[in-house]
Amino acid sequence: MPFKTIYLLAILLSAMGILATTFTTNATLRSTTSAAESATDAPVKKDSATSVKAFANVYKVLMSPRCMNCHPAGDVPLQGDDSHLHTMAPRRGTDGKGLYAMKCSNCHQPTNTPGLHTPPGNPNWHLPPAAMKMVFEGRTPHQLAKQLADPKQNGGKNMEQLLEHANDELVLAGWNPGEGRTLPPMSHAEFAKAWTTWIKAGAYAPKP
Amino acid sequence: MAIIKCNINGREQSLDVDPQMPLLWAIRDVVGLKGTKYGCGVAQCGACTVHLNGEAVRSCVTKVSRISGQKVVTIEGLSANNDHPVQRAWQEIDVPQCGYCHSGQIMSAAVLLRENPNPTDEDIDTAMAGNICRCGTYLRIRKAIHLAAGMDRKVGRNE
């Protein structure tokens with residue numbers, strides 16, 4: 001079934017008031033992803049003011065613990081809502097997936113582990129690789145916007161790939177962080193809209 | 001309940017368990033291998049470390065469903081006669097005090113030496129930081145790993 005048809009159906013069912021209690025968390029995430037993908041399709045005129053304004057919301061999310069904790073300035077990930085250094089000090093390693101007996105997936109399972117402050121899960125849990133650390137921690141809005149838009153600093157992504165990245169499974173995991181962790185400061189759909197607007201309006205960086 | 005087929009210590013197993021069951025439960029209570037210990041239950045201490053396809057996973061938070069079709073090695077299967085270099089070094093240095101954490105310590109050390117045959121003190125500290133020892137045997141652990149690094153590694157059945 002074409003994607004837009006699914007989306008329209010979802011809106012129709014929402015109007016009937018039967019959606020709220022029938023979807024699981026993951027399904028809800030997929031629903032917000034759908035909204036985000038729809039936003040990606042909307043035309044946005046290139047405009048620096050619009051772009052910079054949208055980036056203000058992007059920045060709020062990327063600097064929240066759910067995003068920044070895995071984009072640390074050092075080689076040890078951060079942890080918790082106060083972004084302290086990860087207990088046990090696991091190291092980034094060459095591929096971003098840890099070292100020796102301290103690889104991310106040794107504790108981080110494919111899904112969240114039940115219980116308060118237990119390891120959150122994702123099949124692809126990792127930091128950025130050592131060759132391109134994609135640091136968020138400590139970056140100003142200007143620095144972060146420049147970094148994100150530069151394929152030499154953003155993991156080799158062109159603008160189209162950058163747009164798609166809003167729906168990356170590991171990005172989405174930020175909105176399903178496990179018990180005891182706060183969510184990013186806006187919904188994923190709102191974030192995706194801001195992300196898309198920032199990029200489509202020109203991916204401008206705020207003034208330094 | 002479901003049948004989970006896997007290989008534990010070189011033997012094919014069919015475990016009739018809840019797929020959500022922690023691997024540690026299955027190893028100890030279903031298969032009957034008691035060498036792997038329960039410590040914290042939330043992947044914080046490392047006492048329950050086993051090898052899953054060669055990686056040092058925490059069995060207390062690893063669901064049995066994750067090991068379906070995979071290869072698990074516990075402390076009992078690390079070598080045929082307790083003669084893995086890490087085990088020999090552990091005995092020679094007499095590393096343990098109470099011993100509770102040491103099956104996990106040894107399983108983590110074995111992964112370190114496989115990937116880094118001649119680790120520095122810093123490498124050892126990095127690799128072993130997730131294995132807590134309340135008796136504080138860390139200096140002997142480090143010494144034993146250096147000793148094991150110099151031993152013949154052509155032993156060990158399932159590593």
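**Exercises on a two-chain predicted model**

Residues are numbered from 1 along each chain as its sequence is written, with chains lettered from A and ligands numbered from 1 in the order in which they are written.

**Exercise 1.** Find where A:Ala203 and B:Asn82 sit, and look at their phi angles.

*Solution.* Start with A:Ala203: it's in the segment after helix H9 (188-200) of chain A (helices are DSSP runs of H or I with at least four residues, strands runs of E with at least two, numbered from the N terminus). Its phi is positive, about 50°, although it is not a glycine. Now go to B:Asn82, in the loop between strand S5 (71-73) and helix H2 (85-93) of chain B. Here phi is about 55°, again positive in a residue that is not a glycine. B:Asn82 is partly exposed, with 13 other C-beta atoms within 10 Å.

**Exercise 2.** Describe how helix H3 (residues 48-62) and helix H6 (residues 141-149) of chain A pack.

*Solution.* Two packed helices are described by the angle between their axes and the distance between the axes. Here the axes come within 11 Å and cross at roughly 90° (axes are lines fitted to C-alpha atoms over the stretch in contact, with angles from 0 to 180 degrees between N-to-C directions). H3(A) and H6(A) are therefore roughly perpendicular (65 to 115 degrees; under 35 is roughly parallel, over 145 roughly antiparallel, the rest oblique). Next, pick out the residues: A:Phe55, A:Tyr59 and A:Leu62 of H3(A) meet A:Pro141, A:Leu144 and A:Ala145 of H6(A) (contact means C-beta atoms, placed from the backbone, within 7 Å).

**Exercise 3.** Locate the largest nonpolar core.

*Solution.* Count first: this core has 52 residues (a core is a set of buried Ala, Val, Leu, Ile, Met, Phe, Trp, Tyr and Cys residues joined through C-beta atoms within 7 Å). B:Ala109, B:Leu112 and B:Ile145 have the most contacts inside it. H3(B) is the top contributor, giving seven residues. Domain 1 (2-77) and domain 2 (85-149) of chain B both contribute, so the core lies between them (bounds come from an automatic or database domain assignment).

Terms used: Predicted model: local features only at pLDDT ≥ 70, side-chain atom pairs only at ≥ 80, totals over all residues. Contact = placed C-beta atoms within 7 Å. Core = buried A, V, L, I, M, F, W, Y, C linked by C-beta atoms within 7 Å. Buried ≥ 20, exposed ≤ 12 C-beta atoms within 10 Å, placed from the backbone.
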